[in-house]
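Open your viewer and get ready to click around. We'll go stop by stop, and at each one I'll tell you what to select.

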Amino acid sequence: MKNEDNTIKRVKKFNHDIVMKYLLMAVASATILIILFIIIFIFANSSGAIRDIGIIEFITGTVWKNSEGMYGAVPLIVGTLLVTFGAIMIALPLGLGTAVFISEVAPKRLRNILKPICEIFAGIPSVVYGFFGLVVLVPLLGTIFPDHLLSGTSWLAGSIILGIMALPTIISVSEDAMRAVPRSYREASMAMGATRWETTRRVVVPAAISGIAAATILGIGRAIGETIAVMMVTGNSPMIPEPLWNIFEMLRTITATLALEMPDAASGSTHYSALFLLALILMFIVLLINYVAKVVIKRARRKFGDTSGTSFTKKLPKLTYAVRIPKALWVIASVAITFTISAFLFNLLMAVVYSSFVFLISALLITVVFETAEKEKAKKEEKRPPRAKQHTILSKLMPNVMRSITLIAMFAFVWMMASLFFDRQTTGIIAFVSVIVMLASAPVGKKLGATIREKVAHGSLVLVMLIVVAILVVMLFDIVSKGLPALSLDFLLKYPEDRGMSGGIFPAIVGTIQLVVGTMMIAFPLGIISGIYLAEYSKNTRFTRIIREAIDLLNGTPSVVFGLFGMTALVIFLGVGIALIAGCITLAFMVLPVIIRTTEESILAVPKELREASLALGASKWETTIKVVIPAAFGGVITGLILSLGRAAGETAPIMFTAAAIYSSSISFSLLDPVMALPYHLYILATEVPGSTTMQYGTALVLLIMVLFMFGMASLARHRYSKNIKW
Amino acid sequence: MKSWMKVSAAILITAMICVPLTATVIGTDSHKLSVAGSTTVYPLMAELQKEFEKFANVDMNVSGGGSGVGVSSTLNGVADIGMLSRDLKEDEGGGQLVPHVIAKDAVVVIVNKNVGLPNKEAGIPDLTLEQLAGIYSGKYNDWGEVGGKAGQKIAVIAREEGSGTRDCFEAALKTVSGGFVAKERDVNSVNSTGAVLLSVQNTPGAIGYINLNVEIFAYPGITKVTVDGITATSENVQDKTYEISRDLILVTKGKETGMVKFFMDWILSEDGQRTVESSGFVRVN
């Protein structure tokens with residue numbers, strides 16, 4: 001009898017498992033639907049522009065002027081690329097220096113302080129960055145360069161703000177990459193008599209180079225998709241800088257154009273669909289960048305996948321130059337050909353634009369091709385004993401070639417920057433002198449000896465670290481010190497008066513909470529269930545891969561594109577109007593990938609033994625998942641959830657066309673009413689209501705406190721659960 | 001056994017709540033009035049709302065979104081009234097929307113005080129529309145060419161492409177003989193009224209433009225300019241002697257009825273127009 005009972009039970013459990021599996025799968029596949037919806041809506045809306053303007057005319061037109069009906073995307077694409085390039089030029093040295101300092105130089109205790117400090121950067125909402133840029137940085141630049149800037153809004157201001165925003169990504173990803181370099185590498189290098197700096201420079205950084213590359217690419221992705229902060233400081237003039245490297249000119253990015261012009265575009269007009277076509281281009285660029293990042297990261301991970309007992313010299317990614325050169329040549333050749341052809345067909349500017357596009361695409365292709373080639377090579381190598389690497393003449397020449405390219409680039413950069421300030425002759429002299437100094441510094445450095453060089457290097461790393469911390473301190477101090485006087489019970493509990501010049505921000509606080517709660521109710525179940533499915537039930541089938549691709553795509557989509565989707569699909573197509581529910585759905589779609597990923601990762605981090613023990617005791621898979629795995633992964637899941645809410649609370653671009661009211665005189669709990677929200681309120685105050693400085697700072701402070709509080713909770717949760725559970 | 005059922009049930013229920021949430025459509029109350037659209041009209045509408053709610057038992061909600069959203073939400077019935085800071089385009093609304101001009105807004109030209117323009121009557125300097133067109137098209141680059149301090153470069157400050165204020169300003173400049181094409185280089189485009197004020201205040205030789213309802217008393221370095229000798233007063237805007245102005249428009253779907261009609265009539269009444277005036281806009285009658 002007893003035996004029979006057991007079999008019946010087991011059959012039943014088996015069925016539950018199957019049912020649960022398909023249920024979870026159904027929810028997980030909703031992500032694909034979402035991404036499909038977004039793409040369909042954007043495509044469908046942009047078709048008008050393709051018909052009326054023509055795709056070629058659109059991406060080669062050099063004038064963007066809505067009032068004249070001229071829609072040429074070149075100035076906007078150029079603006080986006082330039083401001084991003086500038087941001088990386090600022091963020092890379094600062095971020096990499098900080099990462100090296102934290103990972104290689106700082107003692108453990110200092111590291112434990114510095115890491116969370118750098119994480120605060122990631123928690124600050126972008127509208128607060130934009131606000132800080134507008135009220136502090138822009139006037140400051142105006143006073144520093146009075147001859148070049150009228151008011152300070154410029155490419156330079158945009159790049160500085162974006163650079164600061166890209167910092168946390170660059171720091172954390174490249175720091176992780178350097179920490180992942182096995183100890184044995186460092187030990188081997190030190191044992192050879194190298195100093196710590198030499199080890200860092202010659203061993204750790206080269207070994208972590210693909211991680212650092214990934215960090216840079218992710219930073220670029222972050223900068224390209226940013227909307228509100230850029231819009232507040234770049235001046236938004238859709239012009240190509242003249243000359244192309246004039247960092248004092250104003251420019252306009254794709255994202256800013258979407259946010260600025262979408263509200264007044266007549267639904268269905270050419271202008272409207274031209275904006276959607278722009279969004280499509282933006283998505284394509286970001287997709288490309290994220291794809292490259294993914295491939296690079298994969299490579300970085302595999303490199304240290306199995307590090308035990310591998311010899312240092314063999315694994316060091318010297319990547320024989322002999323293999324690399326034909327590929328580099330291929331890229332250079334294709335870029336050169338595009339440049340010449342388009343220079344003939346159009347003009348110099350178009351040539352630059354097109355060849356940089358070709359460069360991006362060919363770089364992507366190379367990475368993919370390289371990837372598969374390496375995979376096959378790795379497969380073959382498993383069978384054959386490793387061969388000694390061949391040194392060719394090229395491989396010996398390559399470092400010199402690289403050095404001269406660096407020198408030329410340096411010369412060009414100094415020349416461009418100096419030409420903005422001085423006449424032709426002086427510019428030439430300055431650039432020439434700087435190259436001489438560069439050339440001379442190498443032998444001088446050699447003479448100084450390894451210890452002094454180390455001191456100089458570490459000293460400059462400390463300096464970089466101090467700059468980064470100083471940026472944060474100045475920002476926080478400015479906002480807190482000027483925001484505190486505004487904070488009062490009245491400010492928190494009263495309605496805004498006189499267009500926000502006086503009164504309080506009560507409805508904005510309530511609205512933000514409503515948005516966050518609504519987002520939570522939609523995103524949590526979808527996200528957690530998808531995460532569980534991917535971690536526990538999915539196999540590596542085509543279907544799973546599609547889901548993962550969809551999640552990646554969703555993750556890389558710039559927030560303003562979510563805003564556009566929410567506006568066309570929910571506000572206009574479904575006829576919801578500007579409403580709380582439209583904002584919640586839009587925000588939920590935006591945070592979904594973060595929730596899915598963190599859930600999946602923390603479930604995967606639960607050791608196999610726990611599951612095996614549970615299964616061995618006769619629990620079904622579903623029971624194991626729900627009773628053993630999820631409780632064990634709880635800390636990670638909660639952390640992801642809170643982080644995503646922090647992000648939802650601070651975003652402006654997705655709600656500005658979907659949910660945000662500029663002013664409301666009552667609190668409404670209807671899902672179909674618009675709500676005020678702190679980020680949008682701050683944006684409106686800062687740009688539309690001159691003279692409301694105190695109110696702006698007060699709003700910024702409240703928003704900052706709210707978001708940073710959530711981030712603090714997240715790190716507390718992570719801390720607590722990681723202490724409670726030990727394996 | 002039971003607890004996993006509970007958990008899965010909880011998850012399912014949450015999921016099920018979320019689905020209807022996305023689909024719920026609550027029927028509009030008869031005493032509810034929803035207005036959406038242009039952010040330029042918004043401050044005025046907020047004032048009108050405050051006054052009208054005292055006057056009638058109505059629950060109004062006003063949201064932004066821009067003129068485009070104003071048109072489409074009125075068309076599909078989400079909003080009762082759409083706000084526009086520009087004219088209704090020909091192909092917009094398919095002939096279903098009725099425009100109502102409820103107020104006028106004017107653009108005022110401001111200059112930095114040290115540009116050396118001779119003061120006309122009442123201590124206010126003057127520029128002609130032709131001179132303005134010349135400055136903004138790049139024909140004049142020195143204040144000496146338009147009667148100001150010779151040798152002082154003109155620093156041209158404009159609103160960003162796409163701004164309603166800019167459209168209004170440029171539309172007026174286009175009426176000068178010989179037409180007007182905005183110069184593109186050496187123009188400092190800023191994307192907010194606050195930035196225009198700051199730039200004109202801080203830049204020697206600067207010229208810019210702002211909406212009529214913006215107060216400049218906090219900026220001592222700025223002075224307003226009359227155009228063709230005409231000051232931008234309500235009277236002058238109303239009878240169109242001051243040319244740089246635009247209409248603020250509300251659209252309704254078809255012939256308005258019920259509360260919508262009541263509201264529209266109220267706006268055009270003495271009470272409503274007084275509110276228009278006190279918000280810094282110009283009344284239409």
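Here is the tour, starting with a few ground rules.

This is a predicted model, where local features need pLDDT of at least 70, side-chain atom pairs count only at pLDDT 80 or more, and totals for chains, interfaces and linings use all residues. Residues are numbered from 1 along each chain as its sequence is written, while chains are lettered from A and ligands numbered from 1 in the order in which they are written.

**Stop 1: colour chain A by confidence.** pLDDT is the predictor's confidence in each residue, from 0 to 100. Chain A has a mean pLDDT of 82, with 85% of its residues at 70 or more. Now select residues 305–324 of chain A: pLDDT stays under 50 there.

**Stop 2: select helix α4 (residues 108–123) and helix α6 (residues 155–179) of chain A.** Helices are DSSP runs of H or I with at least four residues, strands are runs of E with at least two, and both are numbered from the N terminus. This pair packs at an angle of about 135°, with axes 8 Å apart. Axes are lines fitted to C-alpha atoms, for helices over the stretch in contact, and angles run from 0 to 180 degrees between N-to-C directions. α4(A) and α6(A) are therefore oblique to each other (under 35 degrees would be roughly parallel, over 145 roughly antiparallel, 65 to 115 roughly perpendicular, and the rest is oblique). Show the side chains of Cys118(A), Glu119(A), Phe121(A) and Ala122(A) in α4(A), which meet Leu167(A), Pro168(A) and Ile171(A) in α6(A). (Residues are in contact if their C-beta atoms, placed from the backbone, lie within 7 Å.)

**Stop 3: select helix α21 (residues 542–556) and helix α23 (residues 580–604) of chain A.** Their packing angle is about 130°, and the axes are 8 Å apart. That makes α21(A) oblique to α23(A). Look for Ile551(A), Leu554(A) and Asn555(A) on α21(A), which make the contact with Leu592(A), Pro593(A) and Ile596(A) on α23(A).

**Stop 4: switch to chain B.** You'll find nine helices and 10 strands in chain B.

Definitions and conventions:
Two residues are in contact if their C-beta atoms, placed from the backbone, lie within 7 Å.
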